[in-house]
Amino acid sequence: MATAATLRVDAVDAAGAVEPEDHPALQRGRSACSELDSDGWENTAWQRGLQLAECARRRLCEAPDAAILTSAAPPYCIVGVNRKWCLLCGYEPHQALGGTPKMLQGECTDAIEARAFAERVASSRAAATALVNYKSDGTPFLHILTAERLEGGAAGEAYVLARSIELPTAIA
């Protein structure tokens with residue numbers, strides 16, 4: 001079982017810049033961990049609260065694809081995102097944290113499949129699907145979405161790590 005780890009406490013503003021510890025984001029309970037991925041790009045995971053199970057934090061920071069970390073129970077509140085997810089979806093961390101993945105749904109999203117996907121994750125601990133979702137500017141995109149339930153930590157925290165790979169296609 002993994003243990004909870006206290007993360008480096010820096011606030012990150014909407015542009016991704018590290019701010020002093022008295023930044024208002026910290027007062028709202030947000031923190032960030034920054035690492036460099038294998039390509040040298042900063043791979044930053046944002047999450048609410050000052051602690052996150054080490055295994056979940058590591059999996060989010062090291063995800064090779066766009067990824068989010070949510071609570072393991074409905075409504076699946078977003079507690080962490082990586083930089084690749086921000087680039088894919090067009091949301092800044094402060095816009096996503098505390099929200100739910102439903103923020104990506106729109107007119108062409110198959111709501112029945114999205115709900116079935118969430119149910120498969122809850123019942124079998126892992127699932128995959130293809131969905132049309134929407135970027136923050138309203139642009140639709142097709143992606144393969146995989147998710148797995150992560151458990152562990154000193155307090156028995158459970159999360160869902162969802163990874164996304166955009167498929168090249170024209171959606172009208």
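At the start of helix α5, a side-chain oxygen of D110 comes to within 3.1 Å of the backbone nitrogen of I112; a polar contact is taken here as a pair of N or O atoms within 3.5 Å, of which, within protein, one must be able to donate a hydrogen and the other to accept it, residues adjacent in sequence counting only if both atoms are side-chain atoms. The model is predicted, so that local features need pLDDT of at least 70 and side-chain atom pairs count only at pLDDT 80 or more, whereas totals for chains, interfaces and linings use all residues. Residues are numbered from 1 along each chain as its sequence is written, and side-chain values use heavy atoms, with hydrogens and water left out.

The secondary structure of the protein chain comprises five helices and eleven strands, both being DSSP runs numbered from the N terminus (helices H or I, at least four residues; strands E, at least two). Of the 172 residues in the chain, 42% are buried, where buried means under 20% relative accessible area, exposed over 50% and partly exposed in between, with a 1.4 Å probe and protein chains only.

Helix α5 spans residues 111-124 and, with 14 residues, reaches 20 Å from its first C-alpha to its last, close to the 20 Å expected at 1.5 Å a residue, the expected span being 1.5 Å times one less than the number of residues. The buried residues of α5 fall within an arc of 55° when seen down its axis, so they line one face of the helix; the arc is that of the directions from the helix axis to the C-beta atoms. Buried in α5 are A114, F117 and V121, while the face turned away from the buried side carries the exposed residues I112, R115, E119 and S123.

Just after α5, R125 adopts a positive phi of about 75°; this residue is found in the loop between α5 and β9 (126-134) and is partly exposed, with a relative accessible area of 40%. A positive phi, of about 60°, is also found at Y76, which is not a glycine, lies in the loop between β7 and β8 and counts as buried at 17% relative accessibility. The peptide bond from P74 to P75 is cis, with omega near 10°, and P75 has its place in the loop between β7 (66-71) and β8 (78-81).

The structure holds one aromatic pair. This pair is formed by W85 and Y91 and is stacked, at 6.1 Å centre to centre and 20° between the planes; rings of Phe, Tyr and Trp (its six-membered ring) pair if their centres lie within 6.5 Å, and planes under 30 degrees apart count as stacked, over 60 as edge-to-face and the rest as tilted. Both W85 and Y91 are buried.
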